[in-house]
Amino acid sequence: MSEVPVLEVIDINKTYNHVPVLRDVSLRVDPGQVRALIGHNGAGKSTLLRILAGAESPDSGLLKVAGMVRTFSSPRDAQNAGVAAVYQELRLLPELTVAENIYLGQEARSGVFLDRRTMARSARQVLEAHHVLIDPYQKVRYLSHAQRQLVEVIAALERNAKVILLDEPTTALQSEQIDDLITTVKNIAYVGQVGVIFVSHKLEEVWAIADVITVLRDGGVVLDASKDSVDKETVTQFIVGDAYDQQQQDPTNNSIPGVHNTSPSGESNDEEPLLTVRSVESAVLHNISLDVKRGEVLGLYGLVGSGRSDFFKLLYGLHPLLSGTIYVQGKSYHPRSPRDAMNHGIAYVTEERKYDGFIPMLSTIQNVALPSISRYQTAGWVHRDKVDRAVNDIIKPLNLRGDVNRAVKTLSGGNQQKMLFARTLLQEPQLVLLDEPTKGIDIGAKAEIHRLVRKFASEKGVGVLVISSEEEELLTVSDRIIVFRGGFSSDAFEARHLTETQLRNLAL
Amino acid sequence: MKAKRRLPDEIGIFSVLVVVYLIFGVMTTTFMTTSNTFTLLLNGSVVALLAIGETFVLLTGGIDLSVGAGIALSGVVAAITIQHGFPWYLGVLFALAATMAVGFFNGMVIHYVKVPPFIVTFATMGVASSIPLILTKAVPIPIAASQFSFIGQGFIGPIPFAVLLLAIVAILTHLILSRTVFGLHVYSVGGNREAARLAGVNTAKVDVAVYMVSGLLSGVAGLLDASRLMSGYPTAGSGTSLFFSIAAAVVGGVSLFGGIGSITGAVIGAVLIAVVSDGMDVMNVSSYWQPLVIGLIILVGVTIDTLRAAQAQRTSFRQALLARLGRQAVHSDEKTSESLTHKGAM
């Protein structure tokens with residue numbers, strides 16, 4: 001195409017704490033074109049998206065929107081320049097109508113009054129033009145997630161967006177909704193002559209929607225091709241990369257083969273499992289059965305929404321158990337509340353540590369001690385010296401950097417995660433649930449966390465359940481892996497017999 | 001790994017207090033005397049007690065609007081009890097039981113029915129302030145028991161008993177918040193309720209307990225008030241006490257969003273308000289001016305609090321300002337913000 005590209009990214013670089021996250025990333029989006037952006041977790045997709053959306057600035061490189069060089073210092077800048085981002089959590093106001101949301105900030109008026117009728121009329125026009133069957137007078141809160149996403153896309157369009165960024169828009173959708181969304185987005189791109197960047201990890205969708213494909217790996221563009229010139233196999237190869245090559249560079253992997261060979265599955269068949277789950281049903285889980293032995297790391301894999309995290313929440317007493325049986329250390333266990341779970345020796349490190357992981361303004365010491373505080377008190381009175389000593393002893397081998405007496409929110413993401421590990425260690429649990437333990441952590445700290453997880457299982461003899469969306473990580477850290485899919489669980493696979501591609505295919 | 005000593009957070013408001021105190025001292029001769037200082041502390045003790053109770057509630061992220069009504073309820077219950085020939089200590093007991101019951105009700109409804117604290121305590125404020133009016137038909141009930149007067153009028157040496165009581169309550173509550181399991185739980189519920197629950201904190205217990213503490217202390221404040229007047233006034237506490245108590249806590253650094261603050265700060269805030277009203281009295285400024293001046297002090301205090309909250313959300317004041325001027329990106333902590341802005345994206 002000879003037109004001016006709506007978006008051009010030229011040699012963008014970004015580094016966090018001396019770890020390069022994006023390396024010389026370049027790409028272009030032409031009007032009417034849908035470009036899929038695929039890659040591993042940690043490949044740099046989110047960072048790139050945030051830079052494009054103005055939420056972050058690159059260290060070097062150029063951004064051009066419709067041929068003009070732009071620097072964004074805020075998401076508002078990006079919006080004004082015509083770059084609109086639609087994230088998974090939507091920004092619509094649920095109590096306003098569809099039309100009001102679409103024209104928020106640029107409302108039609110007659111005199112001093114809102115002209116609802118005009119807004120609704122033009123909203124209906126755009127919606128119909130793109131075959132979106134939504135009543136403009138409907139309050140957004142009554143819409144499905146898929147409809148809301150479409151409303152947000154339309155709103156972006158009505159704000160004269162030239163480029164629309166869609167961040168994994170299909171994760172929360174059912175398959176027919178996905179088809180709808182794909183058709184509509186393609187239509188919008190083509191009719192409106194806007195460029196779309198579509199971030200996804202599902203190849204099927206990418207194939208259905210994209211004109212061109214960019215694969216990111218380790219912060220660099222490894223493939224930039226039109227869809228017609230490649231096949232799925234090739235793209236998968238590029239996403240995964242040469243996994244063996246990478247493993248050699250990763251210091252944690254040297255010790256892993258040994259660990260795998262001595263995995264407890266071989267030596268202790270007669271030993272009673274630490275956790276036994278049989279035919280467990282909940283609102284989203286169906287017929288889940290699995291075992292975890294002492295000293296074992298069991299990996300849980302699956303797409304977002306496959307039920308992995310719901311299973312943790314069920315075990316921790318946050319979601320109700322409808323039927324089935326659970327045994328912890330041979331005793332029947334019916335999870336009721338987090339406190340109940342803790343009393344049964346279960347510790348849980350959540351995925352969204354900022355949301356529900358820790359108390360930001362309390363110190364590291366206080367946060368680490370919180371669940372175990374009853375051990376360091378008499379009649380409600382806390383023995384602070386004992387707490388300090390116990391926490392410091394736990395923290396020392398973890399190489400946690402930062403002042404333990406200062407608020408936890410001052411620590412970096414990796415150190416916050418280590419703090420949560422320290423907290424778990426101090427609880428002296430039997431069974432540990434780790435949900436995405438390395439999410440948002442830089443590469444150096446990741447290796448350290450992997451080592452800690454392995455050590456935790458082998459030295460303390462506890463059972464560890466790990467959820468991760470990173471195939472490589474899960475294969476590194478687990479003895480066995482179970483794949484979740486639509487609320488069902490697979491049999492357990494020996495991690496050493498699996499490859500990343502196999503794992504990914506099992507989840508689809 | 002011993003931390004370097006940092007200045008406590010309360011140092012800012014404390015220096016404001018010292019400066020204001022010295023200014024009034026320089027401007028009038030009668031202000032900076034021992035007797036006037038005790039007088040202002042005595043006058044401020046009701047607000048200070050309420051502020052301490054309010055601090056517990058604010059720390060969990062709640063608010064208690066019923067504390068002013070608790071003053072009237074407590075005083076009238078005590079007066080009626082004594083009027084019916086019961087000994088004064090039973091009057092005290094019943095009064096405290098009544099206001100604690102209000103707190104218990106607040107806590108239960110807020111925790112289990114999930115009605116916002118503002119609404120629940122607003123409702124109980126209405127209820128608790130009407131009951132004394134209904135019971136007394138709006139006529140104050142005199143208290144005859146002379147021992148009862150000691151609470152608000154007695155002295156131990158040169159120190160008014162009420163001030164001593166306040167000091168004891170302040171020290172006790174400070175220790176509870178800073179040194180006990182319950183205190184840690186209060187801070188953690190206010191700092192991040194969900195994380196606290198997942199860490200095994202009994203949030204129901206914490207919620208109910210803080211409103212009961214607040215109720216209890218409003219009862220104590222009511223007894224103090226009734227003892228100074230030697231009667232149960234059904235309209236006591238209906239004025240500025242509630243407003244000043246929340247103001248004292250917030251000015252003293254207790255966050256309205258929960259999780260941040262201390263008893264020390266709240267007490268300093270209450271004393272600051274007492275100093276300002278007393279100083280203006282001494283200078284013969286019309287009492288109509290007092291809420292205005294105190295209102296301004298609150299505005300400044302809350303503004304600072306809001307800026308601090310903005311800072312907690314990863315944007316420093318300077319950065320917020322720069323971002324407003326359009327010069328610099330807002331994000332200072334990209335790593336941790338990632339998990340929030342892109343749930344599950346990477």
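**Contacts, sheet and helices**

Modeller: Start with Val477(A). Beyond its neighbours within four places in sequence, Val477(A) is in contact with Val297(A), His450(A), Val453(A), Arg454(A) and Val466(A). Keep in mind that this is a predicted model.

Colleague: Which helix is Val477(A) in?

Modeller: Helix α19 of chain A, residues 471–477.

Colleague: Is Val477(A) buried or exposed?

Modeller: Buried, because its relative accessibility is 3%. The cut-off for buried is under 20%.

Colleague: How far apart are Val477(A) and Ile288(A)?

Modeller: In space, 22 Å from C-alpha to C-alpha. In sequence, 189 residues.

Colleague: On to the sheet. What is the strand order?

Modeller: β18-β21-β22-β15-β23-β24, in chain A. This is an open sheet of 6 strands with mixed pairing.

Colleague: Which are the edge strands?

Modeller: β18 (346–349) and β24 (488–494) of chain A. Each of them pairs on one side only. On average, neighbouring strands here are turned by 20° against each other, direction ignored.

Colleague: In which sense do β15 and β22 of chain A pair?

Modeller: Parallel, over 4 bridges. β15 covers residues 297–301 and β22 covers residues 463–467. Within that pair, Gly299(A) stands opposite Val466(A) of β22(A). Val466(A) is also one of the contacts of Val477(A).

Colleague: And β23(A) with β24(A)? How do they run?

Modeller: Antiparallel, joined by 5 bridges. Ile481(A) has Phe493(A) in β24(A) as its bridge partner. The two strands form a hairpin with 2 residues between them. In that hairpin, Gly486(A) takes a positive phi near 55°.

Colleague: What packs on this sheet?

Modeller: Helix α17 of chain A, residues 413–426, touches β18 and β21 (431–435). The direction of α17 makes about 175° with that of β18(A). Helix α20 of chain A, residues 500–507, lies across β15, β23 (480–485) and β24. α20 runs at about 30° to β23(A).

Colleague: What about α16(A)? Which of its residues are buried?

Modeller: Val387(A), Ala390(A), Val391(A), Asn392(A), Ile394(A) and Ile395(A). Their cover includes α15 (364–369), β20 (381–382) and α17 of chain A. The length of α16 checks out too: its 12 residues should span 16 Å at 1.5 Å a residue, and the end C-alpha atoms are 16 Å apart.

Colleague: Switching to chain B. How does the span of α4 compare with what it should be?

Modeller: The two agree. α4(B) has 26 residues, 88–113, so at 1.5 Å a residue it should span 38 Å, and its end C-alpha atoms are 37 Å apart. Just after α4(B), Lys114(B) has a positive phi of about 65°.

Colleague: What do the buried residues of α4(B) pack against?

Modeller: α3 (67–83), α5 (117–136), α6 (150–153), α9 (193–198) and α10 (203–229) of chain B. Those buried residues include Gly91(B), Leu96(B), Asn106(B) and His111(B).

Colleague: Back to chain A. What are its domains?

Modeller: The domain assignment gives domain 1 (7–247), domain 2 (272–345 + 429–508) and domain 3 (358–428). The C-alpha centres of domain 1 and domain 2 lie 33 Å apart.

Colleague: Last one. Where does pLDDT stay under 50 in chain A?

Modeller: Over residues 243–269. The model has 31 contacts for that stretch beyond four places in sequence. Chain A averages a pLDDT of 84, and 92% of its residues score at least 70.

Key:
Residues numbered from 1 in each chain as written. Chains lettered and ligands numbered in written order. Predicted model: local features only at pLDDT ≥ 70, side-chain atom pairs only at ≥ 80, totals over all residues. Heavy atoms only, no water. pLDDT = per-residue confidence, 0-100. Contact = heavy atoms within 4.5 Å. Buried < 20%, exposed > 50% of the residue type's maximum accessible area, 1.4 Å probe, protein only. Pairing = 2+ DSSP bridges. Axes fitted to C-alpha atoms, helices over the stretch in contact; angles between N-to-C directions. Domains from an automatic or database assignment. Expected span 1.5 Å × (residues − 1).
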